[in-house]
Amino acid sequence: MAISCVAAGLSGNVGAPGPSVRPGCLRCPLERLAGLKYCSACGNLLRPRCERKQVSVLFADVSGFTALSERLDPEQVSEIIHRTFEVVLEAVHEHGGTVNQFLGDGAMALFGEMPGEHHACRALSAALAVQERLETVRHEVRQSYGLQFRVRMAINTGPVVVGTIGAALRTDYTATGNTTRIASRLLHVAAPGQIVLTGRTRELAADRYDFEELGEMPLTESLETVEVYALTRETWGYVESARLAAV
């Protein structure tokens, strides 16, 4: 698989990564490797190299999606997923993150450095906001179809390489590396409706949230393990301080 990377900030909403390489231009890959900004053959804008960043990665996944698909009409399932993604998009953007990929019945979001609170805190606050706002959707699905609808989420913090992955006809903006892989693996640990995170993320946000320790999780194809916690809520002291500061 060919990989070309774009230097894109994660401090706000990331726009389109730029024009795709024009199909049929054999010169573009060579010009890009040479570090040129534009292709001398076709004039296409070439992407710069990848960028290494410290981020918090959030994965959200619809629990019970198979049951929804089996029992409901495709249009009904599509409407439920659409409303879920709207909630995720809104919450992530409000907390300075970027939803960079939709993965069938789930989504991946990135939170990078910006003035103010640490991106780990913003990722956790976004997850709590998603959890709270989806209660309306959960209630409607249960009332209308008699089905349980929950979203599980997983968060990890660390270094990634951000950029676009793919070839000329199909590219996606994404973040690659061990940080992303661990966050994705955490989804298998999370129970429906639960928000789980690594010890690294917890360390960066320990004074602001309450957590439940879940133990250590072994990583596939490695002797390494990671500490896993469940996020329960913002601490009462922090909520009160924020409320008084707003008065």
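Hi everyone. Before we start, please keep in mind that this is a predicted model, where local features need pLDDT of at least 70 and side-chain atom pairs count only at pLDDT 80 or more, while totals for chains, interfaces and linings use all residues. Residues are numbered from 1 along each chain as its sequence is written, and side-chain values use heavy atoms, with hydrogens and water left out.

Let's begin with the overview. The protein chain has eight helices and nine strands; these are DSSP runs numbered from the N terminus, with helices being H or I of at least four residues and strands E of at least two. Of its 247 residues, 45% count as buried, meaning under 20% relative accessible area with a 1.4 Å probe, protein chains only.

Now to helix α3, residues 74–94, and helix α4, residues 119–133. Their axes come within 9 Å and cross at roughly 145°. Axes here are lines fitted to C-alpha atoms, for helices over the stretch in contact, and angles run from 0 to 180 degrees between N-to-C directions. Which residues of α3 and α4 meet? On the α3 side we have Val87, Val88, Glu90, Ala91, Val92 and Glu94, and on the α4 side Ala126, Ala129, Val130 and Arg133. Contact means heavy atoms within 4.5 Å. By class, that gives seven nonpolar, no polar and three charged residues. For the classes, Ala, Val, Leu, Ile, Met, Phe, Trp, Tyr, Cys and Pro are nonpolar, Asp, Glu, Lys and Arg are charged, and the others, Gly among them, are polar.

Next, α3 has another neighbour to look at, α5. The axes of α3 and α5 come within 10 Å and cross at roughly 165°. The two helices are therefore roughly antiparallel, a label for angles over 145 degrees. From α3, Gln76, Ile80 and Arg83 meet Thr136, Val137, Glu140, Val141 and Tyr145 of α5. This contact divides into four nonpolar, two polar and two charged residues.

Staying with α5, residues 135–145, its buried residues are Val137, Arg138 and Val141. They sit on the same side of α5 because they cover an arc of only 100° around the axis, taken from the directions from the helix axis to the C-beta atoms. Just after α5, Gly146 takes a positive phi of about 70°.

Finally, a look at a strand. Val162 lies in β5, residues 150–167, and counts as buried at 0% relative accessibility. Val162 and Thr174 are 12 residues apart in sequence, with 5.8 Å between their C-alpha atoms.

Methods. Buried means under 20% relative accessible area, exposed over 50%, partly exposed in between (1.4 Å probe, protein chains only). Angles under 35 degrees count as roughly parallel, over 145 as roughly antiparallel, 65 to 115 as roughly perpendicular and the rest as oblique.
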